[in-house]
Amino acid sequence: MGKIKNKHIYLLGFMGSGKSTLGRKLANTLKMPFLDTDVLVEVKVGMSVTTIFEKLGEQRFRELEFEVLAELARDHENSKVVALGGGTPVLEKAWPLLQSSGTTIYLQRTAEQLYDHVRHSDHRPVLKRAERKDLLQHVQNLLLERSPFYSRADHTFVCGDEWGIDETIEHLLRLVEENHENN
Ligand code: S3P
């Protein structure tokens, strides 16, 4: 695919795939602003994601994450690196917005890698639905269910198990430089 000018770089993938950590580093290196849609939702409502799930319900959270994405997509002349929530790509109506306003990169990891990253996490309501002993199975099932959506991304970036953060960023940077033109 040709280079894309003046568009956002959207990082998508399962919880624990490193969208926020890698996104922030990538943005720093590219001297672009960084935004995390979970944080935008939290700021908009003045509650944490966990509290939104508890008090307003998942359905309302999904509406809110779509709203912040729609606002971001409209502003694509000011390119940003954007970390999406793990469930955003499952929203069918998110795709026309993602495709028209940016380049999408799927940060792909195995269920085992993801489990390792999220098993001590206590701020992800979707994962609290499983008992600790069933968490790996829950991650495997949800990943299987969501993979067809994640795979719609323009690029799939397979995160090497053995890479440290600097090496991961180097590889990611190469992918972005080959495919995304920022000025
Ligand atoms: C969710 C992922 C979370 C957050 C919410 C729901 C999901 O974001 O949006 O807890 O359904 O996968 P992260 O992927 O940044 O953890």
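The expected span of a helix is 1.5 Å times one less than its number of residues. In this predicted model, helix H1 covers residues 19–30 and so has 12 residues. From its first C-alpha to its last, H1 reaches 16 Å, close to the 16 Å expected at 1.5 Å a residue. The buried residues of H1 are Lys-19, Leu-22, Gly-23, Leu-26 and Ala-27. Seen down the helix axis, these residues fall within an arc of 135 degrees, so they line one face of H1. Their packing partners are strand E2 (8–12), strand E3 (34–36), strand E4 (81–83), strand E5 (102–108) and helix H8 (165–179).

Most residues other than glycine have a negative phi. Lys-31 counts as exposed because it has 7 C-beta neighbours inside 10 Å, and the limit for an exposed residue is 12 or fewer.

Helix H2 spans residues 37–45, and Thr-37, Asp-38 and Val-41 are buried in it. The three cover an arc of only 110 degrees around the axis, which puts them on the same side of H2. The buried residues of H2 pack against E3, H3, H4 and E4. Gly-46 follows H2 and has a positive phi, near 75 degrees.

In soluble globular proteins, nonpolar side chains tend to be buried together. The largest nonpolar core of the model has 31 residues. Those with the most contacts inside this core are Ile-9, Tyr-10, Leu-11, Leu-12, Val-82, Ile-105 and Tyr-106. Two or more residues are given to the core by each of E2, H1, helix H3 (49–55), helix H4 (58–74), E4, helix H5 (94–101), E5 and H8. H4 gives the most, with 6 residues. Tyr-10 touches Val-82, Leu-84, Leu-98, Gly-102, Thr-103, Thr-104 and Ile-105, when residues up to four places away in sequence are not counted. A second, separate core has 7 residues, among them Phe-14, Leu-114, Leu-142 and Leu-143.

Val-176 is found in helix H8. With 21 other C-beta atoms within 10 Å, Val-176 is buried; the cut-off for a buried residue is 20 or more. Leaving aside neighbours within four places in sequence, Val-176 is in contact with Ile-9 and Leu-26. Leu-26 is one of the buried residues of H1, and Ile-9 is among the residues with the most contacts inside the largest nonpolar core. Val-176 and Leu-30 are 146 residues apart in sequence, and their C-alpha atoms are 9.6 Å apart in space.

Glu-145 lies in helix H7, which runs over residues 135–150. Glu-145 counts as exposed, because 10 C-beta neighbours lie inside 10 Å. Between Glu-145 and Thr-110 there are 14 Å in space, C-alpha to C-alpha, and the two are 35 residues apart in sequence.

The residues around the ligand are Met-15, Lys-19, Asp-38, Val-49, Gly-85, Gly-86, Gly-87, Arg-124, Pro-125 and Val-126. By class, this shell has 4 nonpolar, 3 polar and 3 charged residues. Lys-19, a member of the shell, is also a buried residue of H1. Asp-38, likewise around the ligand, is buried in H2.

Key: Residues are numbered from 1 along each chain as its sequence is written. This is a predicted model: local features need pLDDT of at least 70, side-chain atom pairs count only at pLDDT 80 or more; totals for chains, interfaces and linings use all residues. Helices (H or I, at least four residues) and strands (E, at least two) are DSSP runs, numbered from the N terminus. The arc is that of the directions from the helix axis to the C-beta atoms. Two residues are in contact if their C-beta atoms, placed from the backbone, lie within 7 Å. A residue is near a molecule or strand if its C-beta atom, placed from the backbone, lies within 6 Å of it. Ala, Val, Leu, Ile, Met, Phe, Trp, Tyr, Cys and Pro count as nonpolar, Asp, Glu, Lys and Arg as charged, and the others, Gly among them, as polar. A nonpolar core is a set of buried Ala, Val, Leu, Ile, Met, Phe, Trp, Tyr and Cys residues joined through C-beta atoms within 7 Å.
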